[in-house]
Amino acid sequence: MLKKYMSKALIFASFVGIVSCSDDFTSLTPLGSATESNYFQTQADAEAAVNSMYYYMGDEDMFSRGFMWYINASDDMITGRIKAEADNIKNFNLTGDEGYASWMYPQSYKIIRRANDVLANVPDMDFDESVKKRCLGEAYFMRAFHYFWVASAYGNDVSGGVPIVTVENMKETKFQRPASVTENYAQIVEDLTKAADLLPLYTSYSSENKGRAHKDACYAYIAKTYLYWAQYDDSKWEKVIEFCDKVSNSGSGRKLIDTDTPESDFRSVFTYQNEFGSEYIWSVTSGIDRGSKLVGVMLENKGWGVYNGWGYYTPTEELFEAFEDGDYRRSATILNFGDEFQFWGESRRYYSTNSLSGFQFNKYMDIYSYADPIGNGLINANGDALYTIQDVPILRYAEVVLMKAEAKLKLSKNADTEINLIRNRAGLASKVNCTMVDLKQERRVEFAGEFANRHRDLVRWGDAESIYSKPLHGRIHSDKTNPDSPYTIEEVWPARTYKPDVHNVWIIPSEVISSSGIDQNIGW
């Protein structure tokens, strides 16, 4: 366990000497770096600069809660606790001043700046060429990865994309928004293509480097970028298939965890033992002192008096009912009153005095199943520092399979092979002549509670307005301390007004607008 933690500490190492400059990059005005002439001198300098790009992956305002607030807007979950700011995000009632939604944009640009620093300085340095290639590849990947998230959240073809800051223009003081987010997508693909040429397969990395960017992650994010781009340009569907196949055929052995034991296969995906296996393509590398807090953020508020979970992002009745009978993913994804589970080495039956929907996500609970997880170095002892050794997946191989399926359906091709690969792993019978209805169903139940981004799916499919016009429900039990108590299905979130011409993108934080001078998204 210590070995794993130490390997992850390496990735989240601070970039001494350049952090202060990069951390000031909270708007779109890149600051001249005093370190450029005196910092990038040695291979160790270059590697420290690269390591610094991973810092915000585990930031609470990024992939612990940050972007999950936007995914929480979907029909799969509700906030779980009464929080005005969180409610306003879910209700698309934002001013741009909300703290919960204020950091994802500027934090993304901090990493973009750090990547640009690496790309500007490392090429002319004299050190081991193989290490140099990896450093540059990681910089291209991390720049693209953060552009992917910020562009898809805040850009479209109406208000425009988000400003493109590269080595060539990073010292300018003013930036314009591109006319369309498709210009961002083109830049992302260009960066990821360069990264793929420079980076190795993850299977070639030593254990201490497993959390670094790698070739499969590049191919997978090119495929997902084209998936989003295809919303505006149907010609991109063929590219989705091409790059999904590159992941499958890369030589790294990508495959679903499927031992023909459906009662445990899907559940086993979300364990720390499998986080660097065949299915995780990109994740938040975590240790007990840093990483994603999402695992504890979704845990029962106050953790039944054992550990201080925060109780956010609770499943809805609509999500529970979306699973077919016999789908083993339901019990692996959701805890329902009376369900048996292991907690702190003991068998318990689920109940909740806190959940506003009567459910809890079960997907990330394995880390709490062990006896004395604190003493055994699995989780942080501080319930306000909800770090665990469990990595949180951001993109899994299952999504590569379903991206290919969606592209095939959009091209009027048969996608039964791909969709049934996912269904069969879950213990479900195969289907014949699958449609987009089947594809949408599988994406929903496969990725519930993950960063695959149900909300963004509904937006790009044109389904958000109709789905959000319906209220959401939960199971309200008569005795919230009794796993066997009866319940009534009640409305736990009212219907919402969703205007696609406004709400298909999120409001850009007010501080960014005032400091950068760019235009706000139309209608906000």
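Modeller: This is a predicted model, and 63% of the 524 residues of the chain count as buried.

Biologist: What helices and strands does the secondary structure of the chain come to?

Modeller: There are 22 helices and ten strands. The radius of gyration of the chain is 22 Å, close to the 24 Å that the globule rule gives for 524 residues, so the chain is as compact as a globular protein of that length.

Biologist: And what does the C-alpha trace span along its principal axes?

Modeller: The span is about 70 × 50 × 45 Å. As for contacts with a separation of 6 or more, 71% of them are between residues 24 or more positions apart.

Biologist: How many positive and negative side chains?

Modeller: The count is 55 positive and 73 negative, and the centres of the two sets lie 1 Å apart.

Biologist: Switching to strand 2. Which strand do four bridges join strand 2 to?

Modeller: Strand 8, residues 392-396, and the two run antiparallel.

Biologist: How many residues of strand 2 are buried?

Modeller: Five of its five, over residues 280-284.

Biologist: Is phenylalanine 92 buried or exposed?

Modeller: Phenylalanine 92 counts as buried because its relative accessibility is 6%, and the cut-off for buried is under 20%.

Biologist: What about aspartate 260, what is its phi?

Modeller: Aspartate 260 is not a glycine either, and its phi is positive, about 60°. That residue lies in the loop between helix 11 (237-248) and helix 12 (262-269).

Biologist: Why does aspartate 260 count as exposed?

Modeller: Its relative accessibility is 71%, and exposed means over 50%.

Biologist: Last one, serine 180. Where is it found?

Modeller: Serine 180 is in the loop between helix 8 (129-154) and helix 9 (181-198). With a relative accessible area of 13%, serine 180 is buried.

Biologist: Which residues does serine 180 touch?

Modeller: Leaving out residues up to four places away in sequence, serine 180 touches Asn156, Asp157, Gly160 and Gly161.

Key. Residues are numbered from 1 along each chain as its sequence is written. This is a predicted model: local features need pLDDT of at least 70, side-chain atom pairs count only at pLDDT 80 or more; totals for chains, interfaces and linings use all residues. Side-chain values use heavy atoms; hydrogens and water are left out. Buried means under 20% relative accessible area, exposed over 50%, partly exposed in between (1.4 Å probe, protein chains only). Contact means heavy atoms within 4.5 Å. Two strands pair if DSSP finds at least two bridges between them. The radius of gyration is taken over C-alpha atoms; the globule rule is 2.2 Å times the number of residues to the power 0.38. Lys and Arg count as positive and Asp and Glu as negative; His and the chain ends are not counted. The place of a charge is taken as NZ of Lys, CZ of Arg, CG of Asp or CD of Glu.
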